Amino acid sequence: MHELDERKTKILNAIIRNYLETGEPVGSRTISKYSDLNLSSATIRNEMSDLEELGYILQPHTSAGRIPSDLGYRFYVDNLMAQKDKEVTEIKEFMIERTEKMEQVLKQVVKLLANNTNYATMITAPSYHRNKVKFIQLSQIDETQILAVVVTEGNMVKNKMISVKERLDNETMLKLNILLNSSLNGLSLEEINLGTIARLKEQAGIHSDIISDVLDAVAAAVQEDEGLQIYTSGATNIFKYPELSDSQKASELISAFEEKQQLAGLVNRQLASQEETGIQVYIGDESPVETMKDCSVVTAVYELGDGMQGAIGIIGPKRMDYENVVDNLKNLKVQLDNIFKKPEGKEG
């Protein structure tokens with residue numbers, strides 16, 4: 001296949017996209033309206049002549065516009081797949097880099113918070129809420145397997161291997177990719193109803209079983225709970241306060257910090273409440289955690305955008321320095337937002 005320069009590639013893509021939309025031969029005047037080309041009709045006509053000579057487009061009738069040839073379609077499909085592969089790879093690399101940085105920062109933050117307040121502290125890694133499908137890509141791995149990559153809001157990436165009876169050609173893969181993305185992008189799991197699924201399967205025809213497997217992957221990507229990652233520090237600070245240092249009470253509190261299930265319950269309650277995204281203070285019996293009924297618990301939800309949220313908690317005696325605790329939490333929310341703000345040109 002002849003290597004095309006950037007200008008020819010853009011013109012060929014424009015012809016193919018326009019032809020896919022309209023089914024009508026495409027002329028130079030139509031292509032000149034594409035804002036990212038900024039080329040005269042004469043220049044476009046010359047480039048189209050070259051593309052025709054190279055076999056990428058055809059002129060079905062004299063003085064008519066051009067349509068893509070099989071070679072043109074092949075070029076378009078191969079480039080589309082390469083571009084999507086690159087996008088998914090970049091998203092994965094970005095998420096790995098950010099996750100490693102995040103873990104390191106959160107461990108430092110929770111330790112600093114314990115030192116600044118002299119109380120027991122906890123912070124969760126951010127998790128994704130209100131997840132919606134952002135992008136789906138199917139890629140042929142070998143004769144019997146397809147890889148489905150599902151990207152959700154917040155750029156969470158989930159992979160699922162799908163077994164097939166025979167290798168699918170690139171045109172079929174393209175059709176399935178277009179079908180899935182045009183039907184599912186922007187939808188949450190709740191919005192993917194039986195009608196949507198039935199239409200997808202009908203349009204997929206003999207490949208409807210692949211659609212079922214992809215929908216399973218979508219459900220896993222949106223719903224999968226990988227376990228709430230909670231970082232804690234300062235549990236032994238509890239012994240500094242006589243009212244909490246009773247051996248049984250202290251033991252129960254430290255156990256709650258070590259096992260983390262009760263903390264997870266507290267966090268999930270906080271994150272599930274869409275109205276309580278500010279700072280919340282639970283005093284004594286108000287605490288949703290049984291072992292913390294003799295304490296005060298102050299929590300805050302931090303938000304990093306794209307539906308990504310985490311929780312911060314400080315546990316201490318009822319006579320805690322509330323002003324200092326609230327100031328620390330407010331400052332921390334701002335700092336976390338700045339630390340993990342998405343870089344220019346990247347999504348996430």
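This report describes the nonpolar cores and the aromatic pairs of a predicted model.

**Nonpolar cores**

The largest nonpolar core comprises 27 residues. Those with the most contacts inside this core are Leu 138, Ile 146, Leu 180, Leu 184, Ile 210, Ile 211 and Val 214. At least two residues of the core come from each of the helices α4 (70-117), α5 (170-184), α6 (194-204) and α7 (208-223), and likewise from each of the strands β5 (133-142) and β6 (145-152). Apart from this core lies another one, of 22 residues, including Ala 120, Met 122, Ile 254 and Ala 256.

Leaving aside residues up to four places away in sequence, Ile 146 touches, among others, Leu 138, Ile 141, Met 161, Ile 162, Val 164, Leu 168, Met 173 and Ile 210.

**Aromatic pairs**

The structure contains two aromatic pairs. Their geometry is set out below.

| Pair | Centre to centre | Angle between planes | Arrangement |
|---|---|---|---|
| Tyr 56 and Phe 75 | 5.6 Å | 75° | edge-to-face |
| Tyr 119 and Tyr 241 | 5.6 Å | 35° | tilted |

Tyr 56 lies in the loop between α3 (41-54) and β1 (57-58), whereas Phe 75 belongs to helix α4, so this pair ties together parts that are 19 residues apart in sequence. Both Tyr 56 and Phe 75 are buried.

The pair of Tyr 119 and Tyr 241 links distant parts of the chain, 122 residues apart. Tyr 119 is in the loop between α4 and β3 (120-124), and Tyr 241 is in the loop between β8 (230-233) and α8 (247-259). Residues under 20% relative accessible area count as buried. Tyr 119, with a relative accessible area of 6%, is therefore buried, and Tyr 241, at 12% relative accessibility, counts as buried too.

Methods:
Residues are numbered from 1 along each chain as its sequence is written. This is a predicted model: local features need pLDDT of at least 70, side-chain atom pairs count only at pLDDT 80 or more; totals for chains, interfaces and linings use all residues. Side-chain values use heavy atoms; hydrogens and water are left out. A nonpolar core is a set of buried Ala, Val, Leu, Ile, Met, Phe, Trp, Tyr and Cys residues joined through side-chain atoms within 4.5 Å. Buried means under 20% relative accessible area, exposed over 50%, partly exposed in between (1.4 Å probe, protein chains only). Helices (H or I, at least four residues) and strands (E, at least two) are DSSP runs, numbered from the N terminus. Contact means heavy atoms within 4.5 Å. Rings of Phe, Tyr and Trp (its six-membered ring) pair if their centres lie within 6.5 Å; planes under 30 degrees apart count as stacked, over 60 as edge-to-face and the rest as tilted.
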